[in-house]
Amino acid sequence: MNRKRFEAVPLLIAMASLGAMAPAGKAQSAVGAGTSSSNAESSSSRTSSRGGQPHLDLTYRRPTEKMKLKNYFFDTFGPYPIVGAAILGAVNQGNHTPPEWGQGFKPYGERVGSDFGIAMVTTTTRYALAKAFREDTIYYRCECKGVFRRMGHALISTVTARRGEDGHRRLSFPAIMAPYAGSMTAVYGWYPGRYGAKDGFRMGNYALLAFAAGNVAREFIYGGPHTLFSHVDRSASPETERAANSNP
């Protein structure tokens with residue numbers, strides 16, 4: 001039982017180690033660029049030098065529906081779910097899980113397909129619930145520096161999401177429940193009949209760990225398609241436009 005409990009831990013450790021060895025990326029602060037809640041609060045508390053009137057130095061803007069769709073396809077069919085399914089399929093193959101599927105190349109393919117299906121249902125559920133709860137579950141890289149601070153940002157982003165125009169962070173019901181929706185779908189959809197709700201909950205825990213590992217990869221390796229627009233969005237930010245108008 002202990003062996004099963006930690007069967008997803010090697011994936012998390014491997015992804016975290018890969019992220020720690022990667023060079024620190026440039027902090028992002030425009031559309032599609034992440035910011036911690038403390039940065040957002042400090043930005044809102046700043047005042048202008050003229051008249052002491054407060055203004056927001058926004059580093060977050062709500063993503064467009066087009067950008068959400070691009071990130072959905074990246075999170076569902078991109079390299080991270082594919083590689084993750086291949087790794088988890090190998091782990092399940094080594095653990096003979098489920099044993100009814102046997103061993104060999106074909107059973108390995110079935111396990112990879114199963115893990116990919118779980119990830120697909122998980123991501124779809126997360127985005128659908130986020131739409132209903134008016135949350136932004138896209139991963140944004142941390143504006144902070146340092147491996148441990150960025151690692152902490154990646155992990156806390158696993159169970160939180162951004163809300164409102166200011167992008168304040170809050171505990172996210174869609175982010176927490178989505179992995180269990182994926183695992184329960186597998187248990188009652190294509191797993192052997194002896195699997196039940198307890199197995200689905202256990203598998204959901206592993207899916208949540210895999211999601212955390214994916215966020216570590218997004219923080220240190222590649223954050224997704226929305227990061228490609230950071231420079232364009234920065235040039236169009238309110239502060240940049242204000243500075244340009246004041247210096248004709």
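I looked up ring pairs and got eleven aromatic pairs in the structure. The cut-off I used: rings of Phe, Tyr and Trp (its six-membered ring) pair if their centres lie within 6.5 Å, with planes under 30 degrees apart called stacked, over 60 edge-to-face and the rest tilted. I took Phe73 and Phe77 to begin with: they are stacked, at 6.1 Å centre to centre and 25° between the planes.

Before going on, a note on the source: this is a predicted model, where local features need pLDDT of at least 70 and side-chain atom pairs count only at pLDDT 80 or more, while totals for chains, interfaces and linings use all residues. Residues are numbered from 1 along each chain as its sequence is written, and side-chain values use heavy atoms, leaving out hydrogens and water.

Where do Phe73 and Phe77 lie? Both are in helix 4 (residues 65–77), four residues apart, about one turn of the helix. For elements I go by DSSP runs numbered from the N terminus: helices are H or I with at least four residues, strands E with at least two. I also checked accessibility (buried is under 20% relative accessible area, exposed over 50%, partly exposed in between; 1.4 Å probe, protein chains only). Phe73 is partly exposed at 43%, and Phe77 is partly exposed at 40%.

Next I looked at Tyr180 and Phe201: their ring centres are 5.3 Å apart and the planes at 20°, so this pair is stacked. Tyr180 sits in helix 8 (residues 173–189) and Phe201 in helix 9 (residues 197–220), so the pair ties together parts 21 residues apart in sequence. Tyr180 is buried, at 14% relative accessibility. Back with Phe73 and Phe77, I found them in one aromatic cluster with Tyr72, Phe116 and Tyr127.

Then Asp136, in strand 1 (residues 135–136). Asp136 is buried but has no salt bridge, and the nearest side chain of opposite charge, Arg62, is 5.1 Å away. Here Lys and Arg count as positive, Asp and Glu as negative, with His and chain ends not counted; a salt bridge needs a side-chain nitrogen of Lys or Arg within 4 Å of a carboxyl oxygen of Asp or Glu. What does the side chain of Asp136 have a polar atom 3.1 Å from? I got the backbone nitrogen of Ile138.

Last, the hairpin: strand 2 and strand 3 form it with four residues between them, and Gly164 in the turn has a positive phi of about 80°.

Notes: Polar contact = N/O pair within 3.5 Å; in protein donor to acceptor, adjacent residues only side chain to side chain. Pairing = 2+ DSSP bridges.
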